[in-house]
Amino acid sequence: MTQVLDLLLLRRLLPSLTFIILCLMLLLLIFRSDRMLPPQKYMMQLSDEPAWVQNQTTGTTVLKGQSAHLMRVKGSKTLLVSAFLEHRTKPRKVLVIAIMFRKEKVSLQCSLRCREQLHVSRASVDIHWDHFGFPYGTADVSCPLPPACQAPTHVAVTSAAIRNPDEFLEVQNQKAPNVFPYNFTSCFSTMYNYTNILQLVQTVEMLQLLGVNRIVIYKTNCSNETQRVLDYYTDKGLVEVIPWSLSKYLNVSRRAKPDQDPGDIHYFGQIPALNDCLYRSMYRSRYVALHDPDELILPQTVDSWSQLLPLLEKRHGVDRCFNFENNWFPTEFMERPPPPNVLPALGRWRNVFGVNILTHLYREPVKPKPVFNNYKIITNPRSVFVVTVHGVLRSQKNCAWVDRKTAHMYHTKARGQNGLKAQQLVYDGRLLSYSGRLTAAVSAVLNKTRLLPE
């Protein structure tokens, strides 16, 4: 009889016991937060959504960073990226950065909005010649301004057969001031499947030491932890993230050439993104640098770009673009043992995913010219009309090559089979002159973004 009563009591208690067990499991999951998990366990969850923030005043959700307004042209395969008022040409015009199917023959027209009235003009098209052999290329669509519409606020580009456009781009750069809120802007394009957190933080902190006060990043997707870093820098007012969703419209290649990875357009649409960044920064920044997150242009005789650019302008003239020679620092080779002044940081950063540039101080030998060099540029944006991955396609003045003894670029990445042995590499410790300030700044950011273990 006692056994029967015990069995009945157990049946009554079973739902309560189940509920208690579930609550305990839920508490365990809560306490095992991402702060207690090593980064490697969850690094590959990719975020392709833009960062959103809740407005505490209105309760509405607001996008951080202005998206590139990719827009299809009706009656054509053309994609529109952005539109700008071009003050430097005579007469002025509206310039629309576009992506076009190079074999398509299409007549385009512009519908310009001025004071709620539409004015139509015939567009002219210039497809950039540096398209790396892909079917689609970056293009400039030029819209002449009618006498009655000299300051349009919006523009629609359509095929000539479309009469009533219903999608418009905002025309940016309405004014051309001579005073700029930023001294140096760096443009990163394009960020995709990005997980290299440590090198990203090191690069951003190094750029600030060099004098950069604005960074524009065109992002397709990245890990959740990278997004946390981007949100930190966005809230700080340093980084502007441009959601770059070109892969929703075209089959983007992940490589530089069609024979490496076939697709519609080169390297996630890097070239239109760079041109968009140039024009976005035209009247916001005194200088613009076009490079990748794994590239740093380091002065050799002074400490910052703020000191370097006056030297270059004195030597080569003002209103110029400057080419900086590339130097490869393969991550397959490490400084062993690591430099003593970076050892404490190495211990703190050991669980942070990504490349540590302070441990890769050996570069490949410089190849004799005229071998092509993957150089990058710093330029006065108002002196340049068209840019590409390596250099400028059209500018007011020719670009000047910077002597490597004055400054050159440090490109730290995996190189694969390059045929070089360790003893053939050349030691370059220039980066260590920044190591004290850099390690302190990087550790502070990693702490604030909860990427360092407790």
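Where is the place of T190?

Reply: The place of T190 is in strand β13, where strands are DSSP runs of E with at least two residues, helices are runs of H or I with at least four, and both are numbered from the N terminus. The model is predicted, with local features requiring pLDDT of at least 70 and side-chain atom pairs pLDDT 80 or more, while totals for chains, interfaces and linings use all residues. Residues are numbered from 1 along each chain as its sequence is written, and side-chain values use heavy atoms, with hydrogens and water left out.

T190 is joined to S189 by a cis peptide bond, with omega about -15°. Most peptide bonds are trans, and most residues other than glycine have a negative phi. A cis bond also joins K90 and P91, with omega about 0°, and P91 is found in the loop between β5 (79-86) and β6 (93-101). R115 has a positive phi near 50° although it is not a glycine, and R115 is found in the loop between β7 (108-114) and β8 (117-122).

A pocket here is an open set of points on a 1 Å grid over the protein atoms alone, with protein on both sides within 12 Å along at least five of seven lines, and a lining residue has an atom within 4 Å of a point. Grid points are joined across faces, edges and corners, and the volume is the space filled by probe spheres set on them. Of the 34 residues that line this pocket, Y267, D292, W328, H411 and K413 are the closest to its centre. The elements giving two or more residues to the lining are β13 (182-191) and β26 (407-413), and β13 gives the most, with four residues. By class the pocket lining divides into 13 nonpolar, 12 polar and nine charged residues, where Ala, Val, Leu, Ile, Met, Phe, Trp, Tyr, Cys and Pro count as nonpolar, Asp, Glu, Lys and Arg as charged, and the others, Gly among them, as polar.

The model also holds five cavities of 30 Å³ or more, a cavity being a set of points where a 1.4 Å probe fits but cannot get out.

Helix α2 (residues 197-210) packs against helix α3 (residues 224-236) at an angle of about 20°, with the axes 9 Å apart, the axes being lines fitted to C-alpha atoms over the stretch in contact and the angles running from 0 to 180 degrees between N-to-C directions. That makes α2 roughly parallel to α3, since angles under 35 degrees count as roughly parallel, over 145 as roughly antiparallel, 65 to 115 as roughly perpendicular and the rest as oblique. In α2, I197, L200, V201, V204, E205 and Q208 meet E225, T226, V229, L230, Y233 and K236 of α3, contact meaning heavy atoms within 4.5 Å. This contact has seven nonpolar, two polar and three charged residues.

Helix α2 also packs against helix α7 (residues 435-448), at an angle of about 125° and with the axes 9 Å apart, and these two helices are therefore oblique to each other. The contact is made by L198, V201, Q202, E205, M206 and L209 of α2 and by R437, L438, A441, V442, V445 and L446 of α7, and by class it has nine nonpolar, one polar and two charged residues.
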